[in-house]
Amino acid sequence: MIAPLIVDLTDKRSLRRALTEQLSVGALEVPTSMSVPLLTPITVLVMVEDGHTVSLTGRAVAPMPGGAGFFVQVEPNEGLEELRGIEVPALESEPEPEPEPEPEPEPEPESVEALEPLEDEEGGESSGPPGTKLPTPAWKLIDAGSTVPIHKQLKELGVSDRVRLARQATRPVRALLLRDIQKRIHLEVVKNPKITDEEIVEATKIANLSPGALRYIATQRKYTRRRDVVLNLIYNPSTPSDQSMKLVSTLNQSELLKIMRSSRVREKLQIAARKKLMKAGVI
């Protein structure tokens, strides 16, 4: 483990951003010029007001844009709970936005037939009668600036709203939804067009991830080109057996030896790896 790194949150803006956008989902930005391999264990000393320091532990999970540091996935401990218990500071001396001019009233249509059909957030026409209230757009379901932690906001949403949100969620929200008790949400998350390869790698390590989500990943060539994804899928007990067997057939001899000897994989996969090695004359 590398030496402890210091994160200065004595500034109100920095503290507010950390509490509302990062620590609420168990993550923290660590600004540093140091190069740290992914999944490296990290100890972070967080400085808050009055010189108080809180110790956090976790792992480096993603670089910050521009190489300005990296994100740490924080492990639950007393330090994390202490930081989450800090009141989100109000920002002072921010200029109030100028009121927008009121729009000029539009002329009323002569008849109901003159009204254009309402459209929902997917772009389709509303099937309800005129005046039907449309569902809240997915991007409005979570308020990143709220003092309520994101994981608590998610608990207040119904399943259908979480499914809609999964298709458009940001990275911190995606990380939470991948562990949602409703497994059908997992598939929507991995189909999110903005999900990264690194997130897919982490998703394939989740033992209780939806088999449907794992099957989807296993059938996408853009993901199975990565050896870490293939091996994670084989080791994951929730990956459908037919997909695991297909992936075993793509392994090289060194990987097959590891699978054959591993107690973490299912017996039928160990047997399949052994047969391929015997056929190749390795054992």
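Me: Angles here run from 0 to 180 degrees between N-to-C directions. In this predicted model, what does helix H1 lie across, and at what angle to E2 does H1 run?

Reply: Helix H1, residues 12-22, lies across E1 and E2. The angle to E2 is about 140°, and since angles are taken between N-to-C directions, that figure compares the way H1 heads with the way E2 heads.

Me: What makes E1 and E3 a pair?

Reply: Two strands pair if there are at least two bridges between them. E1 and strand E3 (residues 41-47) have 4 bridges, so they pass, and they run parallel. One example is aspartate 8, whose bridge partner in E3 is methionine 47.

Me: Why do strands E1 and E2 count as standing at the edges?

Reply: The open sheet has 5 strands in the order E1-E3-E4-E5-E2, with mixed pairing. Strand E1 (5-8) and strand E2 (27-31) each have a single partner strand, so one side of each has no neighbour in the sheet. From one strand to the next, the twist averages 45°.

Me: Why is valine 282 called partly exposed?

Reply: Buried means under 20% and exposed means over 50%. Valine 282 has a relative accessible area of 33%, so it falls in between and is partly exposed. You'll find valine 282 in the segment after helix H13 (267-279).

Note on methods
Residues are numbered from 1 along each chain as its sequence is written. This is a predicted model: local features need pLDDT of at least 70, side-chain atom pairs count only at pLDDT 80 or more; totals for chains, interfaces and linings use all residues. Side-chain values use heavy atoms; hydrogens and water are left out. Helices (H or I, at least four residues) and strands (E, at least two) are DSSP runs, numbered from the N terminus. Buried means under 20% relative accessible area, exposed over 50%, partly exposed in between (1.4 Å probe, protein chains only). Contact means heavy atoms within 4.5 Å.
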